[in-house]
Amino acid sequence: MIKIICLGKIKEKYLEDLVNDYSKRITKYHKIEIIELKDENDLSKEAKNIVKYIDSKDYVISLDINGKSFKSEDFAYFLNQTFINYSNIVFIIGSSFGLDESIKKRSNLLLSFSSMTFPHGLFRGILLEQIYRAFKINNNESYHK
């Protein structure tokens, strides 16, 4: 299963539509769950809420501006290889304050899509699109280019 833990709610309908569209597309390939948590002004409080949704056997990827970056093809390969050893991959998108150090330390990987800052709702859509693209690449289906 793919779990995406997000801090904060999407307020714009067009971004909700984007997220729903790619979530639905992904279900053709894999089970996915999006967990929306309340963003707090306290990172340690957010961390306590996040860890409730992480199992000790999960592969955890936290989105972080200073993390590793991939080309789409490499990301696809990485996801494919990770699912060989783990049944669950958890992506964590922090609040505008970032993520608590305890979450970063629990993560198997810190992942960056860019050194730019994106609105959280838009980034959620970007993450889902890249996951969908990865499944298309791994299944040799047209879409990628």
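These are my notebook entries on a predicted model of one chain.

**Ground rules.** I number residues from 1 along each chain as its sequence is written. The model is predicted, so I ask for pLDDT of at least 70 for local features and 80 or more for side-chain atom pairs, while totals for chains, interfaces and linings use all residues, and side-chain values use heavy atoms, without hydrogens and water.

**Entry 1, overall layout.** I looked up the secondary structure and found 5 helices and 5 strands. Helices (H or I, at least four residues) and strands (E, at least two) are DSSP runs, numbered from the N terminus. Read from the N terminus, the order is β-α-β-α-β-α-β-α-β-α. I then took the radius of gyration, which is 14 Å against the 15 Å of the globule rule for 145 residues, so the chain is as compact as a globular protein of that length. That radius is taken over C-alpha atoms, and the rule is 2.2 Å times the number of residues to the power 0.38. Along the principal axes, the C-alpha atoms fill a box of roughly 45 × 35 × 25 Å.

Of the 145 residues, 46% count as buried. I use buried for under 20% relative accessible area, exposed for over 50%, and partly exposed in between (1.4 Å probe, protein chains only). The chain exposes about 8200 Å², and carbon and sulfur atoms supply 49% of that area. Areas come from the Shrake-Rupley method with a 1.4 Å probe; for residues, only the protein chains shown count as cover. Among contacts (heavy atoms within 4.5 Å) with a separation of 6 or more, 83% join residues 24 or more positions apart. I listed 22 positive and 19 negative side chains, with the centres of the two sets 3 Å apart. Lys and Arg are the positive ones and Asp and Glu the negative ones, with His and the chain ends not counted; each charge is placed at NZ of Lys, CZ of Arg, CG of Asp or CD of Glu.

A nonpolar core here is a set of buried Ala, Val, Leu, Ile, Met, Phe, Trp, Tyr and Cys residues joined through side-chain atoms within 4.5 Å. The largest has 31 residues, and Ile2, Ile4, Ile61, Phe75, Phe91, Leu127 and Ile131 touch the most other members. Elements giving two or more residues include strand S1 (2-7), helix H1 (13-26), strand S3 (59-68) and helix H5 (120-138). H5 gives the most, with 8 residues. I followed up Ile61: beyond four places in sequence, Ile61 touches Phe78, Ile89, Val90, Phe91, Ile92, Leu109 and Leu111. A second, separate core has 12 residues, including Ile35, Ala47, Ile54 and Ile103.

Leu128 is in helix H5 and is buried, with 0% relative accessibility. Leaving aside neighbours within four places in sequence, I find Leu128 in contact with Ile4, Val19, Tyr22, Ser23, Ile26, Ile32 and Ile34. From Leu128 to Lys104, 24 residues apart in sequence, the C-alpha distance is 21 Å.

Met116 is in the loop between S5 and H5 and counts as exposed at 59% relative accessibility. Asn140 is in the segment after H5 and is exposed at 73%. Phi of Asn140 is near 50°, a positive value in a residue other than glycine. The C-alpha atoms of Asn140 and Arg25 are 16 Å apart, and the two residues are 115 apart along the chain.
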